[in-house]
Amino acid sequence: MDFAHQLVQQLINGVSLGSIYALIALGYTMIYGIIKLINFAHGDVYMVGAYIGFAAVTIGNLPIFPALLISMALTACLGMLIERIAYKPLRHAPRISLLITAIGVSFFLEYASMYFVTPTPRTFPDTSLNFAFSVAGFVVNGQQLLIFGITIVLMALLTYIVQKTKLGKAMRAASFDTETAQLMGVDSDRIISMTFCIGSALAAAAGVLVGIYYNTIDPLMGIMPGVKAFVAAVLGGIGILPGAVVGGIVLGVVEALVAGFLSSTFRDAAAFAILILVLLFKPTGLFGKNTNEKV
Amino acid sequence: MVMLVFGLILYGALQTMISTKIIGSFWELNIILICVNIILSASLNLINGYTGQFSLGHAGFMAVGAYVGVVATVKFGLPLIVALILGAIAAGFLGFLIGLPTLRLRGDYLAIATLGLGEIVRIVIMNIDYVGGAAGFKGIPHLTNFTWVFMTMLVTLFFIKNFANSSHGRACIAIRENEIAAEAMGVNTTKYKVMAFTLGAAFAGVAGGLFAHQFYLISPTSFTFMASFNYLIMVVMGGLGSITGSIAGAFVVTFISAALASFPEVRMIIYALALILMMFYRPQGLFGYMELTNVAPIKKFLDKVSGVKEVST
């Protein structure tokens, strides 16, 4: 149990936590890329996803994979609904109105779910994943394997959608320049709606995975991961999909290392310190390109 | 001048009602809270409304003021006024330090950077055992009363109003309207942005000191970014760039949460819905850029009282 061993172990923990951040950060970065909104409600969408997964497993008695799919589907609908009701009427409003609305939606989701499911944390039932095995002395448990597996599958799927399909092409075009894309015949309202759909589904997957990983969910669980996932998105370069993944994983690893070697109370500070450093030295993020401001 | 007289009359009326127990202790507490929140929203308005720099870290500055203030009174036995001034200096200095590098950032990036800084301040305080760490600072003497809070609020409002109407304030407004144009017209944008940020932070520190000496106990959980959101909502609800708006916003938000205190479950839901509907139907806030003193009949009355002759055209 020397330093190197502990380091590798913390890296494993960090990457699994980072995968979760990456899944949430993807939604943030896609939404920001397309409508330039810091969707503060995204963390709460992730929380709702966790609760839907929880309901599917406990009330519906479903195994974990169908529960995950149901949660992703329903949360995707929720995401589209939020966009349709709260953000679409403000498409041409000042940015600050949109931001305040996002904060309002975030409060609404938090406290409405608190009203319906009570503030007491719920314990996720056993998922028959509570095995752990060691590879060369490093412990990897079933939940972590599940997180790695699902994250990789979802990211492959997302890459396919964004790079190979017509929808993905339209999304990339709209995110590059919405007005020009519209002139080229892209229905931007539909694309924005689909972006919220995909982003929310990814957040729901992250929510269910966190429920399985940490075993407990509560109505305010989305606040911190939501903000941190935004940090991850900024770190990777906002609007850039691979950037969000790398940012999420870097953030998870740094947090695990800080928690493992310094003190767990400084875990949250580490994320924000990274944020400030990135913003000061490379505000466009690791993968971002510098653009000149036009007058 | 006239507004000062009105302020003093309002103070007299409220003070009489408090001392004759017409206003019970619950509402007395809430009036004090409203005054503290007015200081916070007016000072945030200086940054967000007048200068157009989007800050989400106001609770962090408030926390610095609160903790410096209580250390001054509890550990060093200084009087409240000194504690408030020290808190203001500390928060203002921090605002200056943070403002210099971060104000280069624009829009959303600045918002998220200030949010991060506010959180870092809170986490650092949480890890200082000298001030009680995560459990909070206990045993703070109850030094704040209605008079203190109201008078500090008046001073703050007058300062911010005069600042906004001075040449510095006009430079800030120019930056809000168009930073590049302001720079082209010779406004030193960095200087004025940092100035507004520092002053806003300093007044948040004062509010923090008053807040701390009212509640016997402060803990880092009172200063999360959710609190910053709350002050931002007050400013936006009242109207960015209007002092009257800040007063109204702080009053409405505090009053609603106090009035709905008996229904804690639905309180935040109503609050959230009110916020969203407000953005749909009146995104500029209750007052927009308008001041109550500029509404035609009131302006006429004020001019009459203060003896300004109306210029006939």
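A:Thr118 is partly exposed, because its relative accessible area is 35% (buried means under 20% relative accessible area, exposed over 50%, and partly exposed in between, with a 1.4 Å probe and protein chains only). You will find A:Thr118 in the loop between helix 4 (95-117) and strand 1 (122-123) of chain A; helices (H or I, at least four residues) and strands (E, at least two) are DSSP runs, numbered from the N terminus. The phi of A:Thr118 is near 60°, a positive value in a residue other than glycine. Most residues other than glycine have a negative phi.

Before going further, a word on the model: it is predicted, so local features need pLDDT of at least 70 and side-chain atom pairs count only at pLDDT 80 or more, while totals for chains, interfaces and linings use all residues. Residues are numbered from 1 along each chain as its sequence is written, chains are lettered from A and ligands numbered from 1 in the order in which they are written, and side-chain values use heavy atoms, with hydrogens and water left out.

B:Tyr216 sits in the loop between helix 9 and helix 10 (225-238) of chain B, and its 48% relative accessibility makes it partly exposed.

B:Tyr216 is touched by B:Gly139, which also touches B:Val74, not counting residues up to four places away in sequence (contact means heavy atoms within 4.5 Å). B:Gly139 belongs to the loop between helix 5 (107-126) and helix 6 of chain B. Is B:Gly139 buried or exposed? With a relative accessible area of 57%, B:Gly139 is exposed.

## The nonpolar core

The largest nonpolar core has 204 residues, among which A:Tyr87, A:Phe107 and B:Ile218 touch the most other members. Such a core is a set of buried Ala, Val, Leu, Ile, Met, Phe, Trp, Tyr and Cys residues joined through side-chain atoms within 4.5 Å. Helix 8 (residues 188-214) of chain A gives the most to this core, with 16 residues.

Setting aside neighbours within four places in sequence, B:Ile218 has contacts that include B:Tyr67, B:Val70, B:Phe137, B:Ile140, B:Phe211 and B:Phe223.

Helix 9 (residues 189-212) of chain B has 24 residues and should span 34 Å at 1.5 Å a residue, which agrees with its end C-alpha atoms being 34 Å apart; the expected span is 1.5 Å times one less than the number of residues. This helix is mostly covered, with 21 of its 24 residues buried.

B:Thr152 lies in helix 6 (residues 146-165) of chain B and is buried at a relative accessible area of 13%. Beyond its neighbours within four places in sequence, B:Thr152 is in contact with B:Ile39, B:Val206 and B:Leu210. Over in chain A, A:Gln9 is part of helix 1 (residues 3-35) and is buried at 17%. A:Gln9 touches A:Phe138 and A:Val139, again leaving out residues up to four places away in sequence.

## Salt bridges

How many salt bridges does the structure hold over all chains? There are 9, each a side-chain nitrogen of Lys or Arg within 4 Å of a carboxyl oxygen of Asp or Glu. A:Glu255 takes part in one with A:Lys228 (3.1 Å, N to O). A:Glu255 is in helix 10 (residues 241-262) of chain A and A:Lys228 in helix 9 (residues 223-236) of chain A, so the pair ties together parts 27 residues apart in sequence. A:Glu255 is buried at 1% relative accessible area, and A:Lys228 is buried at 3%.

A:Glu255 also forms a salt bridge with A:Arg267, where the closest N and O atoms are 3.5 Å apart. A:Arg267 lies in helix 11 (residues 267-281) of chain A and is partly exposed, with a relative accessible area of 26%. In chain B, the side chains of B:Lys193 and B:Glu179 meet in a salt bridge at 2.9 Å, N to O, linking helix 9 with helix 8 (residues 179-184) of chain B. Both B:Lys193 and B:Glu179 are buried.
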